[in-house]
Amino acid sequence: MTSNREIHLASRPQGWPTEDTFRLVETEVPTPGPGQIVVRNQYMSVDPYMRGRMNDVKSYVPPFALDAALDGAAIGEVVASEAADIAVGTTVLHGLGWREYALLDAAAARPVDPNIAPVSAYLSVLGMIGLTAYAGLLEVAGMKPGETVFVSAAAGAVGSLVGQIAKLKGAGRVIGSAGSPAKVERLRALGFDAAFDYHDGVRESLRAAAPDGVDVYFDNVGGDHLEAAISAMNLHGRAAICGMISQYNATEPSAAPRNLALVIGKRLTLRGFLVNDHNDVRAAFVRDVSGWLRDGTLSYDETIVDGIENAPSAFLGLLRGDNLGKMLVRV
C-alpha cells in the first residue's frame, strides 16, 4: 500500500456547492507513530451538517480547512498499528472519512464487532444517526405514548428511524413528509400512519394528515415545515430541532417561520440539540435498537455510492434529497 486518495476542500461555496468545490488528491499512505493506527476505510458517511462546515464561520464544530482533507464518520480495518490495544485486522469506527487510508491516534478509534451487523450499520442505525433519532424523539421532545408525531425529511437516515421508534414506543399517530411519491410509499411501508409529498403543500397536507393536531415535531428541514408544524401543534407541543436542511445552501434569510408568535399562546417548546449531549442514553439506545433489529421490527435503508472519487457526488446528491435512508460512500 503506497498510494492514498483523499478529498480536499478546494473552495468555500456561496450557495449550493458544486463538483468544483472539491478536489481529489493523491498522497502517500501514512506510517503510524507510537500509539497510532492506520485504517483502510471501507465506508464513509456524508451528512447535511458538513455543508455548514464548508463556511468559514464560528459554529459548534470547526470549519473545514481549505486545501486539506475533509473529515467525518468512517469505518474500516486497521492495516498498521503501533498501539498496544488495537491489533491489525480490527474493525474500528472513527472520524477521518473522505480518504482511503486514515492515520489517527488509537484513542480516537472505537473497535466494533463486524459479526453483529454489516459494518455500514455502525454509520447509520447503530451509530450517531440512530442515537440522534432515539435521543431527539424520547429525550429532547419527550414523546409520550398516544401522542401524534410529525417528522420532516422522514425518508432520510434520521427521519425514517424517528418514525419507526415513535411507533415502537407507543405513539398514537406518526406522520412523515418526503420529497417524492416513491419515498412516501416507503414511509407507509415502514409503518407511518400517514405520509405526504411536501411538493403538494406542507401546511395543507399536514392539516389533512393530523386533523387533531401534532404533539411532537421532529424537525430536519426548518423553513416552511417548521412554520406548518407550529400552526398544527397542540397546546404544550414540543419540537426537537435536529437540522434545517432547507436553509443550508440559502444565500438570503429564510422567509419562514412567520408564525412564531403562536409559540406563546400554545406554550410550545422548540429545542435544538446535538447528539453528543445525549451519550447518557447510549446504553438504552443500544439495548432497544439491537433488540428491534434482531426481531425485525426496525428497518433501515442505505443509499451507497462506490468510490472515494464519487464522494462529492454523493454529498451533492444528499443535499438534493437523492438518498433513501443513509447516504454512504463505499470507499
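This is a predicted model: local features need pLDDT of at least 70, side-chain atom pairs count only at pLDDT 80 or more; totals for chains, interfaces and linings use all residues.
Local features need pLDDT of at least 70 and side-chain atom pairs count only at pLDDT 80 or more, whereas totals for chains, interfaces and linings use all residues. Residues are numbered from 1 along each chain as its sequence is written, and side-chain values use heavy atoms, with hydrogens and water left out.

**View 1. A salt bridge joins Asp-47 and Lys-326.** A salt bridge is a side-chain nitrogen of Lys or Arg within 4 Å of a carboxyl oxygen of Asp or Glu; the count by this rule is 15. In this pair the N to O distance is 3.2 Å. Helices (H or I, at least four residues) and strands (E, at least two) are DSSP runs, numbered from the N terminus. Both Asp-47 and Lys-326 are buried (under 20% relative accessible area; exposed is over 50% and partly exposed in between, with a 1.4 Å probe and protein chains only).

**View 2. Arg-53 forms a salt bridge with Asp-71.** The closest N and O atoms of the two residues are 2.7 Å apart. This pair links distant parts of the chain, 18 residues apart: Arg-53 is in helix α1, and Asp-71 is in the loop between α1 and β4 (74–81). Arg-53 is buried, at 8% relative accessible area, while Asp-71 is partly exposed, at 22%.

**View 3. Glu-147 and Arg-238 meet in a salt bridge.** Their side chains are 2.7 Å apart, N to O. Glu-147 belongs to the loop between α2 (128–140) and β8 (148–151) and Arg-238 to strand β12 (residues 233–241), distant parts of the chain 91 residues apart. Glu-147 and Arg-238 are both buried.

**View 4. Salt bridges link Arg-5, Glu-100 and Glu-309 in a network.**

**View 5. Helix α2 packs against helix α3 (residues 157–168).** The helices meet at an angle of about 50°, with their axes 8 Å apart; axes are lines fitted to C-alpha atoms over the stretch in contact, and angles run from 0 to 180 degrees between N-to-C directions. Contact (heavy atoms within 4.5 Å) involves residues of α2 including Ile-129, Tyr-134 and Leu-138, and residues of α3 including Val-158, Leu-161 and Ile-165.
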